[in-house]
Amino acid sequence: MIHYKSYDSGIVDVDFGANVKVVNPVNLYGCQIGNDCFIGPFVEIQKRVKIGSRTKVQSHTFICELVEIGNDCFVGHGVMFINDLFSNGGPAEGDQSKWKATRIGNKVSIGSNATVLPVQICDNVVIGAGAVVTKDIVESGVYAGNPAIKIK
């Protein structure tokens with residue numbers, strides 16, 4: 001006999017702004033989503049996440065706790081946000097005090113399959129597809145690569 005634990009998914013305790021479009025299935029809980037946003041299918045947005053107005057989040061994206069995304073942003077397909085840096089050589093295993101926050105400014109575009117570690121990204125930045133953002137970005141521009149560096 002196989003035993004498993006089932007968890008409900010869907011939309012639970014979300015603070016939506018006006019004119020938000022959500023394409024199911026999604027897993028959204030305890031987050032804030034601003035006005036005129038789009039959330040694509042197969043997206044998970046966890047509690048304590050704040051998404052600004054007119055931001056688009058494409059399919060298969062994971063936005064973990066402690067992420068804040070500004071206004072007029074674009075998050076491509078399959079983007080992964082990370083809040084646990086495995087500082088002890090493995091997962092924090094429920095010790096949320098080891099998690100780190102991420103702050104994305106306004107008018108930031110993040111290309112498909114990018115990975116964003118706990119960083120601060122200023123306004124007016126483009127992150128290329130597949131990039132891995134490991135350090136704060138404090139100057140507007142275009143960034144790409146692993147680790148992401150300014151290319152333009």
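Modeller: Start with Val12, which touches Leu28, Tyr29 and Gly30, leaving out residues up to four places away in sequence. Val12 is part of strand β1 (residues 11–12). This is a predicted model, in which local features need pLDDT of at least 70 and side-chain atom pairs pLDDT 80 or more, while totals for chains, interfaces and linings use all residues. Numbering runs from 1 along each chain as its sequence is written, and side-chain values use heavy atoms, without hydrogens and water.

Colleague: What makes Val12 and Leu28 a pair that touches?

Modeller: Contact means heavy atoms within 4.5 Å, and Leu28 is on the list for Val12.

Colleague: How do you know how many helices and strands the protein chain has?

Modeller: They are DSSP runs, numbered from the N terminus: a helix is H or I over at least four residues, a strand is E over at least two. By that rule the protein chain has zero helices and 21 strands.

Colleague: What makes β11 and β14 a pair?

Modeller: Two strands pair if DSSP finds at least two bridges between them. β11 and β14 have three, and they run parallel, therefore they meet the definition.

Colleague: Which strands make up the open sheet of eight?

Modeller: Its order is β3-β6-β9-β12-β15-β18-β20-β21, and the pairing is mixed. β3 (21–22) and β21 (149–150) are the edge strands. Within this sheet, β6 (residues 38–39) and β9 (residues 56–57) run parallel and are joined by two bridges. Val57 in β9 is the bridge partner of Ile39.

Colleague: Why is Asn83 called buried?

Modeller: Buried means under 20% relative accessible area, exposed over 50%, and partly exposed in between (1.4 Å probe, protein chains only). Asn83 has 8%, so it is buried. Its place is the loop between β13 (80–81) and β14 (102–104). Beyond four places in sequence, Asn83 is in contact with Cys64, Glu65, Lys98, Trp99, Lys100 and Pro118. Its side chain also reaches the backbone oxygen of Glu65 at 3.1 Å.

Colleague: How many residues count as buried in the protein chain?

Modeller: Of the 152 residues, 39% do.

Colleague: What makes the largest nonpolar core a core?

Modeller: A nonpolar core is a set of buried Ala, Val, Leu, Ile, Met, Phe, Trp, Tyr and Cys residues joined through side-chain atoms within 4.5 Å. The largest one has 34 residues, and Ile45, Phe81, Ile121 and Ile127 have the most contacts inside it. β11 (67–69), β15 (108–110) and β18 (125–127) each supply at least two of its residues. Among the residues that Ile45 touches beyond four places in sequence are Leu28, Ile33, Ile39 and Ile63.

Colleague: How do you know that the radius of gyration agrees with a compact globule?

Modeller: The radius is taken over C-alpha atoms, and the globule rule is 2.2 Å times the number of residues to the power 0.38. For 152 residues a compact globule would be near 15 Å; the protein chain has 16 Å, which agrees. The C-alpha atoms fill a box of roughly 55 × 45 × 25 Å along the principal axes.

Note on methods:
Polar contact = N/O pair within 3.5 Å; in protein donor to acceptor, adjacent residues only side chain to side chain.
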